[in-house]
Amino acid sequence: MGIFLWGVIWQAAGVWFVPDKAACSLGLWLGILTAGICAVHMYRSLDLALDLSEKDAQKYMMSRSMMRYGLIILVLLVLMITEMGNPLCCFLGVMGLKAAAYLQPLLHKALERRR
């Protein structure tokens with residue numbers, strides 16, 4: 001939810017300040033999609049790593065982390081080569097993963113109050 005909120009905020013704010021609005025929007029939402037995929041992958045990797053020994057879990061998480069970084073680099077390279085979307089806006093979308101991690105306690109608290 002935090003990643004999506006990050007994308008909505010930047011889409012609403014950033015669309016007014018860029019000359020190529022379509023490329024910026026495409027790049028941003030590809031970055032948001034990539035961040036979402038990385039978040040789900042991280043959750044599943046952590047869940048599996050908790051069942052491993054400390055040494056095996058460390059190696060497993062390192063390999064999974066490299067897979068996520070590889071995905072981000074691949075998406076950015078495809079955007080740079082094809083010029084379909086803005087790679088900087090894509091990177092901004094991927095940073096939604098970091099923003100969501102910091103916003104999670106606040107969003108959790110706000111959602112718990114509603115119940």
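Author: The model is predicted. Glu83 has a relative accessible area of 67%. Exposed means over 50%, so Glu83 counts as exposed.

Reader: Where is Glu83 found?

Author: Helix H4 covers 87-94. Glu83 is found in the loop between H3 and H4.

Reader: What is the phi of Glu83?

Author: Most residues other than glycine have a negative phi. Glu83 is not a glycine, yet its phi is positive. The value is about 55 degrees.

Reader: Is Lys98 buried or exposed?

Author: Lys98 is in helix H5, residues 96-114. Its relative accessible area is 52%. The cut-off for exposed is over 50%, so Lys98 is exposed.

Reader: What separates the C-alpha atoms of Lys98 and Ala35?

Author: Along the chain, Lys98 and Ala35 are 63 residues apart. Their C-alpha atoms are separated by 8.9 Å.

Reader: Which side chain of opposite charge is nearest to Arg68?

Author: Arg68 is found in helix H3, residues 54-82. Arg68 is buried. A salt bridge needs the charged atoms within 4 Å. Arg68 has none, and the nearest side chain of opposite charge is 13 Å away: Asp47.

Reader: Which side chain makes a polar contact with the side chain of Arg68?

Author: Arg68 touches Cys38, His41, Met42, Ser45 and Met61, leaving out residues up to four places away in sequence. The polar contact between side chains is at 3.1 Å, and the partner is His41.

Methods
Residues numbered from 1 in each chain as written. Predicted model: local features only at pLDDT ≥ 70, side-chain atom pairs only at ≥ 80, totals over all residues. Heavy atoms only, no water. Helix = DSSP H or I, 4+ residues; strand = E, 2+ residues; numbered from the N terminus. Buried < 20%, exposed > 50% of the residue type's maximum accessible area, 1.4 Å probe, protein only. Lys, Arg positive; Asp, Glu negative; His and termini not counted. Polar contact = N/O pair within 3.5 Å; in protein donor to acceptor, adjacent residues only side chain to side chain. Contact = heavy atoms within 4.5 Å.
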